[in-house]
Amino acid sequence: MRTDPPPHRPFEAFQEFLLSCKLQWTRNLYPEVAQRYRAAAEAAPAKPKTVEDVEKLIAGDTTYRYFAWFERHLQKMKYSGRYGLANHYGAHRDELAPMIEATNNERLVIPPDFVPPAYYPAIDIHQHPGGVHGDSVAGMVYERGARTTTPLLDKHGDLHQRFTRIAMERLGKQPKRIVDMGCGFGKSTRPFYSSSRDTEVVGVDLAAPCVKLAAHTAAEDQARNVQFRQGDAADTKLPAGNADLVTSTMMLHEMPVSHIEKVLHEAHRLLAPGGWSIHLDFLAGDDPFNKFIHYGHSARNNEPFMPPLDQMDLAAAHRRAGFDKVEITRFEEMTGALSPENKAWRFPWVVIAARKAA
Ligand SMILES: C[S@@+](CC[C@H](N)C(=O)[O-])C[C@H]1O[C@@H](n2cnc3c(N)ncnc32)[C@H](O)[C@@H]1O
């Protein structure tokens, strides 16, 4: 059943225009900034080593300032204003919200009086007014917004399939139970529950509007092997030692380091001996320019926990949670993304995998 509002030509045209601008930003403006930075770095008396060194060289550059302005304001225009997503979906709230208020949906668990951790409602993440939790149509707004977050990818679909394949290969066997932490509206959970109907999958997310949409989609898929729960990944209330795989996609960078520590402990608790904890997220690597761009994105997209994740010692945090080793590998979100030929802007994707001792 449709969860988009009826087509509205001015809205569609405006969003198409923003997407064209974002593509221009990704493919042309970013390489121009990188090129200008390299020229400035070569001419500098000393090689830039830190984010601050990079900032001194490029922050006043006009092309960089265009780049930063467009990053902030294209996203703002996507969500806010007359033809923004929030207004478009909000205008149809009364017809859209009941579609996902599936009280008889056995795939959905919404605990009464659930209180999210304090960091969560304090931020309008992605510049989404009220965040992905604050409104009955917030899950649908997020779903629509996510279709154009990385415009070179085909609606993110392939990315989630690729990550699912990698996680399954790492596991090396058909899992009996999977927990997808920070499942959002179920995009990351769907390839797992669709890959085998013999695997039980639980998606957990703080945002009720998102898990409701995820459960609605699973009902449309007629999937019987999945459940979506409103809950905190740091304290899922799920049984210990039961899962073969605990996973998350783009969740760790949305929480403070102190919460990541708790999430890793919870992942370890949930896993059966020999099970894997595998997270897809962003680490900018050692290059100070890549860090500068990533931290700038964090500030401009209202995602303040990206730099602390980037700077934390993930291997040590995993050891404190009980894992004995952690493997961090770069993730190619689409064919050719990691090729030196690819000059376009991209997130610094990584797969963070750790095994619980057998
Ligand atoms: C960028 S979204 C990714 C959603 C989904 N995994 C995907 O790939 O489409 C991050 C999600 O993490 C959720 N989240 C943030 N902190 C969380 C926590 N402590 N426990 C559970 N979910 C959390 C947010 O509500 C949001 O839906």
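This is a predicted model: local features need pLDDT of at least 70, side-chain atom pairs count only at pLDDT 80 or more; totals for chains, interfaces and linings use all residues.
1. The shell around the ligand divides into 14 nonpolar, 5 polar and 4 charged residues. Here Ala, Val, Leu, Ile, Met, Phe, Trp, Tyr, Cys and Pro count as nonpolar, Asp, Glu, Lys and Arg as charged, and the others, Gly among them, as polar. In total 23 residues surround the ligand, and the closest are Gly 182, Gly 184, Ser 188, Ala 233 and Thr 249.

2. Numbering starts from 1 along each chain as its sequence is written.

3. Helix α11 covers residues 288-300. Helices (H or I, at least four residues) and strands (E, at least two) are DSSP runs, numbered from the N terminus. The expected span is 1.5 Å times one less than the number of residues. For the 13 residues of α11 this gives 18 Å, and the end C-alpha atoms are 18 Å apart, which agrees. After α11 comes Asn 302, with a positive phi near 55°.

4. Buried residues of α11 include Phe 292, Ile 293 and His 294. Buried means 20 or more other C-beta atoms within 10 Å of the residue's own, exposed 12 or fewer, and partly exposed in between, with C-beta atoms placed from the backbone. The buried residues of α11 pack against α2 (51-58), α3 (62-79), β6 (271-282) and α12 (306-311).

5. Tyr 295 is also in α11, but counts as partly exposed because it has 19 C-beta neighbours inside 10 Å. Not counting residues up to four places away in sequence, Tyr 295 touches Val 51, Met 306 and Pro 307 (contact: C-beta atoms, placed from the backbone, within 7 Å).

Definitions and conventions. Two residues are in contact if their C-beta atoms, placed from the backbone, lie within 7 Å. A residue is near a molecule or strand if its C-beta atom, placed from the backbone, lies within 6 Å of it.
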